[in-house]
Amino acid sequence: MVRAALIALTLLLVAPGASRCAEAQEVDNSEERITLVAEQQEVEGDVWRGTGGVRILYQDIRLQCEEMEYNRVTQDLVARGNVVLDQGPTRFTAEEIYFNLGTKTGLFINGEGFVPPMYAFSGSEVEKLDETHYRIDRGAFTTCDSDDDSPPWSFGVRRAMLEEEGYGRFHSVAMRVQGFPVFYLPYLVWPVKRERSPGLLMPNFGYSETYGTYFGLPVYVPLGRSYDTTVRADYFSDGAFGLANEWRWAPVPCNDCNLLLYSIWDPNIQDRHPDKDLDEWQWRINGRHDQDDFLGFRLLAEVEALSDIDFFQEFERDFNANTRRDIYSYFHLTRSWGPGVLNVRADHRTTFLSKRVNCYAYPDPADRPPECSILPLYCYDILFPAERPPVCLEPVFETVDVTLAQLPEVELRVRSSRIGRTPLYWDLISSVNYFNVDRGEGLAGDYLRADLFPTLSYSLPSPPWLSVAPRLGGRATYYTARYETTEADSPTSFVDEAIDRTYVAGGVDVVGPSLSRVFNSSSKKYSRFKHLIEPRVEYAYLQGTEDTTEIPVFDEVDSTVLTNRARMVLSNRLLGRSREGVSARELGVFELYQDYSFSDPLTRSVDAESQFGPLGALLRLVPTQGTGFDARASYDTLRNNLRNTSLAGSVRRPYGSVTLTWYQGFNPDDGSRLSSQVRTVLGFRKPGFPFRANLHVAYDVENRDFQQQQIQLNWEGSCWSIGIDYRDLRLGQFPTRDWLIRISLKGIGALPEIRGSLAPVGN
């Protein structure tokens, strides 16, 4: 019946006339139905006119306005007054439009449009040329989803052409922030699509006192569904020129791989580094490959190489990277079978060490002249002949390159596993390595090492308040080369003569007898508290090859120290059981501990020695989740003076965090303070609030000097974000002071980074 009524209303369009308060009209045009709705309707020949709440439905088009005139033959329409046109995910609004339903094209006067996935534009004239192309005159382009006439940011354009899932070509572009222009471009091409597309990326620029003004222009080229590359040219105002090429690939899912090749031509390199003989062309390689399944193994690989680390630290734009003093490359395969893990690894690390020379020593701090007190303590560890005068000189640095490489390592580890149905457990660490070592000053060589370290453990049957767990193991290590040493037992070179090292390792851990008491609680959070007094004795025995001066040292396998000592611990623990569950949580612990050696003395003074080590104390409190306090102290019982103390506290909440650490070191001979350092980390982040901030400060109380100051500020807008970083780092030989501004626009990406470096404060 409804369909019959609609057909009858359609027939009324054949004859001229007027209709008031008609609900709907259907027009059959070339087998396509058009639904017209208006409060007042009028038909004159082929023209339909409607006013008041006008709506039109045709295929995927839905249009509404205040008044409209439609020609059913040509399918042209003119709509005025609060016009809204929806076509799929695309929406247009305008004061007036001239539109053709057949071609689905038209002109929007003072119109605004939204093109997926997130692009919005407006103009005095917006013309829809076909299904995917648009023309804009005297308008604006943005990705902000805002009804405000002045969005947070926009590109004002004199003329533009847009293509859905294509490119936008903008003429006379002025970027505006809150309506205020910040920069201008005569022409801009930008992809307006979800898929990757080739083209120029946003340029990078900045300033540094070292190399002057910097400008970089990158070009992005997708090479396929799983590969792309970016080429960048850099220009520095002091005359340097750089070229970079970055490759990214993901041949299979769960991959994250890239390779960066970068070279710089610097005609002024010798002026900047007069102490080095450097070529004008410098280069750097950074690459990473991460693959979950490679022939059944997990593959991780990273490569780093560069011509000169000091040179590239001047050009590095990463705050963390430009203070590094080493480069590291590795290739790692790992696979698990039950309790066993097989690792195959090759790596290469070069560390650039700075050695102080021309710095005289004062073993007794009281003998140091006042002008020498500003020098680091390790300056005084260099001993000179007694006849040389104790004068203080300005330190001079020499660079020593240390290279440690294993090519490769094959390691088999077996986690603690039960032997049959017995109460015995075993584990294993075994490896075969081929090393290449260069520690400088002639100490260089290649050699092979084989290592085997099995261990047995057993838990003795005991009551619940006592636990006794003995363990026994043995280690055998074989080397194809040894150190050649001097009379002072310091290695000078490698000798191709085999050497081995064997030792027996054993121990026992005794926990208890433990005493505990449970207290009922009236607090809202905990139903019960438990106080546990738990004494522990941890005994470790390791004996074997005593003369290790000829053993080549690469890692912890080679530097194991013979020992025969026990650690005695008295622990007080407080646990609380939550009213919401049955689990208990540790709320605090207080421990006293001290080591005792059955062989060599652990502490010595001028006229005495003791088998006991320093007495340590630990207090740790965790009253709530995210709140903690830690206090530690070490006391020399032979000389009755403190060795060191530390305090640390942290509070973490959804809206921010605070961490404070204070460390002090003392001379155990007279109790005088040698160092005092405070480190503070503040963070602010509130859910739903756009502002985030982090502050990191390290202060040397003893020398009254800031070692590090770093501030990070971030603001997340609805369609943009800005980050400001400032860092003043005064540690080490190369102090730096930098600032960095990062701006990112929704749908556009990161704008050029603005970075600069300032002269370091102090020496």
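Okay, quick one before we start: when I say two residues are in contact, I mean heavy atoms within 4.5 Å. And keep in mind that this is a predicted model.

So, Tyr187. You'll find Tyr187 in strand 14, residues 180-192. Skip the neighbours within four places in sequence, and Tyr187 is in contact with Arg169, Phe170 and His171. The C-alpha atom of Tyr187 is also separated by 5.9 Å from that of Ser172, 15 residues apart along the chain.

Now the rings. How many aromatic pairs does a search of the whole structure find? It comes back with 22. Let me show you two of them.

Phe92 and Phe108 are stacked, 4.6 Å centre to centre with 20° between the planes. That pair ties together distant parts of the chain, with Phe92 in strand 8 (residues 90-100) and Phe108 in strand 9 (residues 105-115), 16 residues apart. Both Phe92 and Phe108 are buried.

Then there's Phe141 with Phe170, a tilted pair at 5.0 Å centre to centre and 50° between the planes. Here Phe141 comes from strand 11 (residues 133-142) and Phe170 from strand 13 (residues 166-177), 29 residues apart. Phe141 and Phe170 are buried too.

Arg335 has its charged end over the ring of Phe297, 5.7 Å from the centre, and Arg349 lies over the face of Tyr328, 4.0 Å from the ring centre.

Technical notes. Residues are numbered from 1 along each chain as its sequence is written. This is a predicted model: local features need pLDDT of at least 70, side-chain atom pairs count only at pLDDT 80 or more; totals for chains, interfaces and linings use all residues. Side-chain values use heavy atoms; hydrogens and water are left out. Helices (H or I, at least four residues) and strands (E, at least two) are DSSP runs, numbered from the N terminus. Rings of Phe, Tyr and Trp (its six-membered ring) pair if their centres lie within 6.5 Å; planes under 30 degrees apart count as stacked, over 60 as edge-to-face and the rest as tilted. Buried means under 20% relative accessible area, exposed over 50%, partly exposed in between (1.4 Å probe, protein chains only). A charge sits over a ring if NZ of Lys or CZ of Arg is within 6 Å of the ring centre and within 35 degrees of the ring normal.
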